Amino acid sequence: MSLFWSLWITILSLGCWLWILYWLVGTLTYKPHMEEDGTTGHEYDGVREYDRPLPKWWLIVFFGTMAWALLYLVLYPSIVPHAWKGITTVEINGKQEPWTSENELLSDLEKNNKVFISTFNDKILQDPTVTKQLANLEKLQAEQRKNAEPDADLKAQIDQQLVALAPAVQKLSQDPQAVKIGQRLFLQNCALCHGSQARGATGYPNLTDNDWLYGGTPDKILQTIQHGRVGAMASWKSQIGEEGVRAAAEYVLSLSSEHGSKANGELNQTMITQGKAIFDSNCTVCHGKEGKGNSDIGAPNLTDNIWLFGGDRETVRTTIRDGRAGVMPHWDTKLGNERIMLLAGYVYSLGGGQAISEATTPATTPATTK
């Protein structure tokens with residue numbers, strides 16, 4: 001708020017208070033001329049005016065509101081807010097901060113979050129080892145947040161912790177209570193893109209099938225929710241031309257057993273041959289020689305019948321011609337590790353999750369901070 005508006009509100013508030021006090025005190029101290037019959041001598045339609053004192057209960061309430069107004073000015077940043085912070089404080093991260101509506105919200109969220117974490121650890125997770133792993137993960141993340149740019153070593157340690165938490169996520173996916181809470185978190189935060197049934201939409205992955213852009217093991221799901229994902233496919237029109245786009249699309253459709261869509265009809269064999277040469281020269285670095293994709297970079301498998309943007313011929317051509325871009329936001333600072341564990345457990349429970357790899361299972365020893 002600017003200095004002008006701070007002063008305007010301050011002057012208006014104090015001015016109104018003083019104006020009301022002036023008239024209240026003036027009314028109490030004013031003594032009109034009285035006639036012998038005890039009236040002021042004023043008569044209106046047969047009604048004579050007396051000078052009676054105001055009811056005590058009314059005066060108490062009125063003066064009480066005046067006193068409360070002064071107390072409010074002292075307690076809260078009401079008088080020139082940029083200079084006077086008030087004496088009321090709230091606790092945030094163990095420190096007392098001046099009261100503001102924002103600080104009060106943050107303090108309430110922190111208190112509620114402590115209750116949630118305590119309930120999660122004691123009644124849902126019930127595993128002291130995993131609780132220690134989560135505490136260690138939080139320390140690593142706190143260190144990472146201090147850096148202007150992400151530290152690669154800390155990032156690696158955080159990912160190791162997420163791998164170590166994979167068995168716990170799998171266990172949560174088998175707990176009906178945990179799955180129910182995870183579903184509510186999903187509906188509140190994820191359904192806007194992935195749908196209330198998690199079946200996705202055009203450009204948003206279906207989470208109930210077994211097709212995963214970045215992997216469907218518990219640790220990969222944790223990493224996706226924690227860090228978010230940024231996917232991009234380059235536009236190829238300028239490199240291979242429109243004819244090349246059409247040929248490459250025809251070859252990509254041929255990789256799928258259903259040729260993308262029944263509406264595509266019979267494929268052009270000549271264009272398939274031409275498209276294969278283009279694919280081998282330009283596309284294998286991401287999608288692999290056989291077109292089965294690469295989960296390390298989020299390159300989709302082109303040989304199944306699952307299409308993120310659609311498998312009709314024109315849509316595939318558009319994808320190759322213009323490229324695609326997709327972003328999933330990171331949720332680590334928005335939800336916290338405990339909620340993400342429950343959310344990952346719910347997603348894994350939908351039926352499309354992949355089994356924990358042998359390399360994942362032994363990784364249960366918490367990484368240590370430097």
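Where is Ala198 found? In this predicted model, Ala198 sits in the loop between helix 8 (191–194) and helix 9 (218–227). Its phi is near 65°, a positive value in a residue other than glycine. Most residues other than glycine have a negative phi. Ala198 has a relative accessible area of 0% and is therefore buried, the limit being under 20%.

With a relative accessible area of 30%, His259 is partly exposed.

**Annotated spans**

The table gives the computed content of each span and the separation of its end C-alpha atoms.

| Span | Helix | Strand | End C-alpha atoms apart |
|---|---|---|---|
| Residues 7–25 | 100% helix | 0% strand | 26 Å |
| Residues 57–75 | 100% helix | 0% strand | 26 Å |
| Residues 177–256 | 57% helix | 6% strand | 39 Å |
| Residues 270–351 | 54% helix | 6% strand | 40 Å |

Trp68 belongs to helix 2 (residues 56–75) and counts as partly exposed, at 47% relative accessibility. Between Trp68 and Leu302 there are 234 residues in sequence, and the two are 70 Å apart in space, C-alpha to C-alpha.

**Helix packing around helix 15**

Two packed helices are described by the angle between their axes and the distance between the axes. Helix 15 (residues 337–349) and helix 3 (residues 101–125) have axes that come within 10 Å and cross at roughly 50°. Helix 3 and helix 15 are therefore oblique to each other. On the side of helix 3, the contact is made by Asn113, Phe116, Ile117, Phe120 and Ile124, while helix 15 contributes Glu338, Arg339, Met341 and Leu342. Sorted by class, this contact of helix 3 with helix 15 has six nonpolar, one polar and two charged residues.

Helix 15 also packs with helix 7 (residues 176–189), at an angle of about 100° and with the axes 8 Å apart. Helix 7 and helix 15 are therefore roughly perpendicular to each other. In this contact, Ala178, Val179, Ile181, Gly182, Gln183, Leu185 and Phe186 of helix 7 meet Arg339, Leu342, Leu343, Tyr346, Val347 and Ser349 of helix 15. The residues of the contact of helix 7 with helix 15 divide into nine nonpolar, three polar and one charged. Arg339 and Leu342 of helix 15 are listed in the contact with helix 3 and also in the contact with helix 7.

Helix 3 also holds Asn103. At 16% relative accessibility, Asn103 counts as buried. Leaving aside residues up to four places away in sequence, Asn103 touches Val90, Ile92, Glu97 and Pro98.

**An enclosed helix**

Why is helix 13 (residues 313–322) described as largely enclosed by the rest of the structure? Seven of its 10 residues are buried, so helix 13 is largely enclosed. The buried residues are Arg313, Thr315, Val316, Arg317, Thr319, Ile320 and Arg321. Among the elements that cover them are strand 5 (229–233), helix 10 (237–255) and strand 6 (324–328). Gly323 follows helix 13 and has a positive phi, near 80°.

**Cysteines**

A disulfide is a covalent bond between the sulfur atoms of two cysteines. How many disulfides does the structure hold? The structure holds zero disulfides. Cys193 is in no disulfide, and the nearest cysteine sulfur, that of Cys190, is 8.5 Å away. This separation can be set against the cut-off for a disulfide, which is a pair of cysteine sulfur atoms within 2.5 Å. Cys193 is partly exposed, with a relative accessible area of 34%. Cys16 is likewise partly exposed, and its relative accessible area is 41%.

Terms used
Residues are numbered from 1 along each chain as its sequence is written. This is a predicted model: local features need pLDDT of at least 70, side-chain atom pairs count only at pLDDT 80 or more; totals for chains, interfaces and linings use all residues. Side-chain values use heavy atoms; hydrogens and water are left out. Helices (H or I, at least four residues) and strands (E, at least two) are DSSP runs, numbered from the N terminus. Buried means under 20% relative accessible area, exposed over 50%, partly exposed in between (1.4 Å probe, protein chains only). Axes are lines fitted to C-alpha atoms, for helices over the stretch in contact, and angles run from 0 to 180 degrees between N-to-C directions. Angles under 35 degrees count as roughly parallel, over 145 as roughly antiparallel, 65 to 115 as roughly perpendicular and the rest as oblique. Contact means heavy atoms within 4.5 Å. Ala, Val, Leu, Ile, Met, Phe, Trp, Tyr, Cys and Pro count as nonpolar, Asp, Glu, Lys and Arg as charged, and the others, Gly among them, as polar.
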